[in-house]
Amino acid sequence: MSVSYPIHHQPHFIFKSIITKSGSPFFPFVSPLSLSLSSALSLSHQLSVDPEESRIGGRMAITVPSILKEKKYPFILAFFLLLIFVTLILISTSQQSPLIPITTTNLPFSTTNPPPPTTVISSNTFSAPITNNTNPSNNTDDYDDNNQVVDVDWELCTGPGVVDYIPCLDNWKVIKSLPSRKRMEHRERHCPEPTPRCLVPLPQGYQLPVPWPKSRDMVWYSNVPHPKLVEYKKDQRWVVKSDDYFIFPGGGTQFKNGVNFYIESIEKTLPVIEWGKKTRVILDVGCGVASFGGALLDRNVITMSFAPKDEHEAQIQFALERGIPATLSVIGTQRLTFPDNSFDMIHCARCRVHWDGDGGKPLMELNRILRPGGYFIWSATPVYKDDEKHQNVWKSMVALSESICWSIVAKTYASDMHIGLVVFQKPISSSCYQNRKENNPPLCDLSSRPNNHSWYVPLDSCLVPIVGDSNKWPSLWPERLSDKPQSLSSEPDAEETFKGDTTHWSALVSEVYLGGLDINWSSVRNVIDMNAGYGGFGAALINLPLWVMNVVPFHEPDTLSVIFDRGLIGTYHDWCESFNTYPRTFDLLHSSFLLGNLTKRCDIIEVAAEMDRIARPGGYLLVQDSMEIIAKMKPILKSLHWSINVHQDQFLVGKKGFWRPDK
């Protein structure tokens, strides 16, 4: 139990501290207790006052000597009975009430809208208090028995391709009933109802993944047993089968001389790109097995590689098994799950997207998420082939790019590789939009865009105006990680809150997460922060050989633009639904004060089933939450045969094993 201290002269608060790996307390927090403590302390103080100092207004205060002298033994007995009663109430209250942070740290994350009347934050900023417990081992509590297991009759999922089951992308009942597939509707999300609780089986012979950085070049065949891509792309050397491994030689449709040569040729064509300094965050459309993004990691560039779950069997699964950032997505009828003005550069190497289709909406979607002044690199045959078919595509692309005020800053053709590419640049202001001869496409009405969330939102048929500071380029990397983000709220205390959040996560990660939670960080490569806030958790891990997918839940304050401004990557999501990733994707799932609000909207058992689906065997779940929430999660995870430890009455660490039900 923690030690009581007066804070802000409020005797009904107690001091709570985190015990770090060095044994020192970390960041004070308080939790409200019964006001009866104040009364008890006040009475105890009066009983100890010196008689010579106790006259107030001509009255003699009650003192211990005076009570004994007057033989008021019933009063003494009554007082001690009251003190015992209050003590029992305090013990019960401190164990059963969720721990609450100091309210002055509960500042809103709003980046685009004024803060709500009540300053409440349910994201990662400034954690709740942690009890003063020097033993980091599993703690007992009164919420549940340590051996309690929820009675869930877990069953294996069934059906074709079940080892790669993604509920919201494999809902074949809905997909078969779609009236059209012309705009890639069948590759978009169609979540089943009710949410499935079944568990995805493991591929036969599955084993712990090859560790990074070796995994960038080779992965176990048994973990991703999909040989079709080897044959389908054998001339382009995307992936090669070798004994028990898949080997990735760095080839690709446009990488005839290897991906590194291709990357170097881009920088020679346009030196202002400055990989890893000015250009930090990239989107790779139709990424294949993500060799482009994987090679850029050596240049301090983080790439969000994406492709649909299509006939290019398991290309994103290959990327994730390699330890390269990637997600499943498609440019169809809905916005990509990223905020406006996010990416420094967008890349497409033969990505098979018809940019001028549907009235040019696919290219206008790239324009929406590309940072003002950012570049779009299109590496494709229409750039250099002279036949009528390709030239018609090129002319259509030029006309469309001019209508949205993109300029061509470079165009090149490498005859030895038979590869041509063009570099477009987005304008840095709306002046070009306003000076066009025709207002087509029109400018979007910002009043009809109440927020920046892009979650089940149809594609725009308009151009988003460039307003405010959105045209300012971030600081060079790595300074942009800690500098004030351009999209940060203009509220007076927003910058102070952001800096405090950064400091907090830096200290919490270094002093607690990395040293005292029984996590083998050397085995951690793919990480997902389920409630990322400002991205402080991911920023604190920046020097470790891992990457973080920063998720901003749809129902939480929108901070995803801040995350991209910092040079990190992320996406929107609703955790009541399945995530757009393959099973067995992440080595560590991190959740900080997410589940309390989330489980008001959906079943915690279904959330746990999704966590089990996307976690790798041998991977970890790290939950920071109230003991009430942790008590709900423990028996569910135990029913999944996860090993569980609770640290300092606030951190739950679960480790997934290889168990699957028999049926």
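Helix α16 (residues 604-614) packs against helix α17 (residues 627-639) at about 55°, and their axes lie 10 Å apart. Each axis is a line fitted to C-alpha atoms, for helices over the stretch in contact, and the angle is taken between N-to-C directions on a scale from 0 to 180 degrees. The pair is therefore oblique. Under 35 degrees counts as roughly parallel, over 145 as roughly antiparallel, 65 to 115 as roughly perpendicular, and the rest as oblique. The crossing of α16 and α17 is right-handed. That term applies if the near helix is turned clockwise from the far one by less than a right angle; anticlockwise is left-handed.

This is a predicted model, in which local features need pLDDT of at least 70 and side-chain atom pairs count only at pLDDT 80 or more, while totals for chains, interfaces and linings use all residues. Residues are numbered from 1 along each chain as its sequence is written, and side-chain values use heavy atoms, without hydrogens and water. Helices (H or I, at least four residues) and strands (E, at least two) are DSSP runs, numbered from the N terminus.

**Cavities**

The whole structure holds 4 cavities of 30 Å³ or more. A cavity is a set of points, on a 1 Å grid over the protein atoms alone, where a 1.4 Å probe fits but cannot get out; lining residues have an atom within 4 Å of a point. Grid points are joined across faces, edges and corners, and the volume is the space filled by probe spheres set on the points.

Strand β17 supplies the largest share, 3 residues. By class, the lining of the largest cavity has 11 nonpolar, 8 polar and 5 charged residues. Ala, Val, Leu, Ile, Met, Phe, Trp, Tyr, Cys and Pro count as nonpolar, Asp, Glu, Lys and Arg as charged, and the others, Gly among them, as polar.

The second largest cavity has a volume of about 190 Å³. It is lined by 22 residues; P167, T195, P196, S578 and E610 lie nearest its centre. Its lining divides into 14 nonpolar, 2 polar and 6 charged residues.

**Buried residues and contacts along the chain**

D501 sits in helix α12 (residues 494-516). Its relative accessibility is 0%, so D501 counts as buried. R566 belongs to the loop between α14 (560-565) and β17. R566 also has 0% relative accessibility and is buried. W275 is in the loop between α6 and β8. At 7% relative accessibility, W275 is buried.

| Pair | Separation along the chain | C-alpha distance |
|---|---|---|
| D501 and G533 | 32 residues | 9.1 Å |
| R566 and G535 | 31 residues | 8.3 Å |
| W275 and R299 | 24 residues | 6.2 Å |

**Backbone geometry**

One runs from N440 to P441, with omega near 0°. The other joins W477 and P478, with omega about 10°. P441 lies in the loop between α11 (431-434) and α12. P478 is in the loop between α11 and α12.

E274 has phi near 50° and is a residue other than glycine. It is found in the loop between α6 (259-269) and β8 (281-285). E274 is partly exposed, at 33% relative accessible area. N341 is not a glycine, yet its phi is positive, about 55°. The loop between β10 and β11 (343-349) holds N341. With 17% relative accessible area, N341 is buried.

Definitions and conventions: On a 1 Å grid over the protein atoms alone, a cavity is a set of points where a 1.4 Å probe fits but cannot get out, and a pocket is an open set with protein on both sides within 12 Å along at least five of seven lines; lining residues have an atom within 4 Å of a point. Buried means under 20% relative accessible area, exposed over 50%, partly exposed in between (1.4 Å probe, protein chains only).
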